[in-house]
Amino acid sequence: MKYILVIGDGMADDPVEELGGKTPLEAADKPFIDELARKGVLGAAKNCPAGFPVGSETAIMSLFGCSPKLYYTGRAPIEAAAQGIALVPGDAAYRCNMVCYEDAAVPMMEKRILSHSAGSIEAEDSNALVTDLFAHPDFAPLAEKAGMSVTPGSSFRHIAVQHNADIQGLKLIPPHDHLKEVIGPLMPSGCENAKVLTELMVKAHEILNHHPINERRRAEGKMPANGIWFWAEGTAAQLPNFPEKYGHGGGVVSAVPLCHGIAQLVGLQPVHVAGATGEWDTNYENKVAAGLKLLEKDDFLAIHLEGPDEATHNHDLPHKLDCIRDLSARVVRPIHDALRERGEDFRMLIVSDHRTIMKTGAHGAAPVPFILYDSRVEEGSGLSYTEENGLKGPFVEDGVNLMSMLFDI
């Protein structure tokens with residue numbers, strides 16, 4: 001028996017006016033996922049516990065059977081683990097996004113944040129910018145005084161580590177939840193260390209705004225990465241061992257450090273795939289091929305698609321619909337068909353980790369629909385895969401329990 005977890009990050013949503021009041025799941029062309037929903041168990045789950053951040057950092061932790069109530073210390077430490085960054089007592093890790101502020105002739109604090117990802121900046125430009133920044137003679141002394149270093153990551157996602165950091169009471173805000181808002185009220189707050197982080201962010205904008213790479217990007221019609229944004233703070237994380245808990249080993253195919261970090265921490269194999277972008281244009285075929293190869297020797301595969309979430313943060317409805325369509329046709333169907341052809345019995349859990357709301361571009365805490373499909377069963381809910389239909393089936397109050405349901409234990 002093989003076991004597959006498919007995560008369509010942020011594909012669940014609220015009704016969208018442009019779709020005549022339908023959600024993207026209701027409007028998208030996804031006949032194969034709908035077929036599996038009709039043959040399988042269709043329900044709804046709450047993956048982000050109350051009192052914790054509503055986002056992939058808690059939702060995906062839950063999906064891997066790790067209760068955020070017990071193990072969550074912040075998002076950045078998980079991503080740090082994916083990059084092999086070892087945190088010691090007193091260290092704090094932060095996500096350091098490359099962001100885009102508007103080009104306006106006003107003080108920085110009056111500018112609006114236009115993109116949490118600097119327009120989905122390419123890794124080459126992003127890594128060069130953050131490396132140049134931390135080496136700049138006007139920035140390096142401030143970073144050294146703050147006890148901070150940076151490790152370039154993938155695309156806009158970098159990890160900053162601050163030694164001897166006091167994050168008690170620190171309030172950092174996810175940039176993707178506040179696009180097109182004035183940044184002044186969104187800056188770090190809550191403790192003395194917030195002033196240190198703010199000083200670094202202000203100096204970064206001064207240096208990056210007219211960096212040659214950003215001037216080139218403007219000339220090419222691209223967004224400049226003219227700022228950095230600290231968020232997702234936390235201390236070293238430890239998670240329970242997945243193979244020991246569930247009796248099955250395997251790997252995680254994803255383009256984002258968060259998923260690879262969780263894999264690293266729970267004892268699964270992080271699988272990196274050529275052409276995996278974390279966007280709507282990711283290489284679906286390579287991700288599927290890598291997943292099927294892993295299943296030749298292991299029992300468990302998790303395959304994560306970031307595209308629906310990023311499209312929603314960017315208020316890009318057409319690409320959100322495309323991502324849902326492609327998840328159905330280019331991920332779920334070929335995995336299903338290949339395992340059928342191999343003569344393998346399998347169980348598949350298809351789920352959105354959280355809602356991402358097209359109207360606001362932010363995450364939503366409402367329950368998300370899931371499908372639990374067993375290749376040996378031909379009759380199930382009889383319903384298509386939508387948020388409303390999910391609420392008609394079993395309700396899982398704590399998404400931590402979904403993994404046990406997948407393994408039927």
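Predicted model: local features only at pLDDT ≥ 70, side-chain atom pairs only at ≥ 80, totals over all residues.
1. A residue is called exposed when its relative accessible area is over 50% and buried when that area is under 20%.

2. Aspartate 408 lies in the segment after α16, the helix of residues 402-406. Its phi is near 55°, which is a positive value in a residue other than glycine. Because the relative accessible area of aspartate 408 is 57%, this residue counts as exposed.

3. Where in the chain is lysine 180 placed? Lysine 180 belongs to the loop between β6 (157-162) and α8 (192-208), and, although it is not a glycine, it has a positive phi of about 70°. Lysine 180 has a relative accessibility of 57%, and so it is classed as exposed.

4. Two packed helices are described by the angle between their axes and the distance between the axes. For helix α5 (residues 75-82) and helix α11 (residues 257-266), the axes come within 7 Å and cross at roughly 75°. Crossing angles of 65 to 115 degrees count as roughly perpendicular, and therefore α5 is roughly perpendicular to α11.

5. Which residues of α5 meet α11? On the α5 side they are Arg75, Ile78, Glu79, Ala81 and Ala82, while on the α11 side the partners are Pro257, Leu258, His260, Gly261, Ile262, Gln264 and Leu265. Sorted by class, the contact of α5 with α11 has 7 nonpolar, 3 polar and 2 charged residues.

Conventions:
Residues numbered from 1 in each chain as written. Heavy atoms only, no water. Axes fitted to C-alpha atoms, helices over the stretch in contact; angles between N-to-C directions. Helix = DSSP H or I, 4+ residues; strand = E, 2+ residues; numbered from the N terminus. Parallel < 35°, antiparallel > 145°, perpendicular 65-115°, else oblique. Contact = heavy atoms within 4.5 Å. Nonpolar A, V, L, I, M, F, W, Y, C, P; charged D, E, K, R; others polar. Buried < 20%, exposed > 50% of the residue type's maximum accessible area, 1.4 Å probe, protein only.
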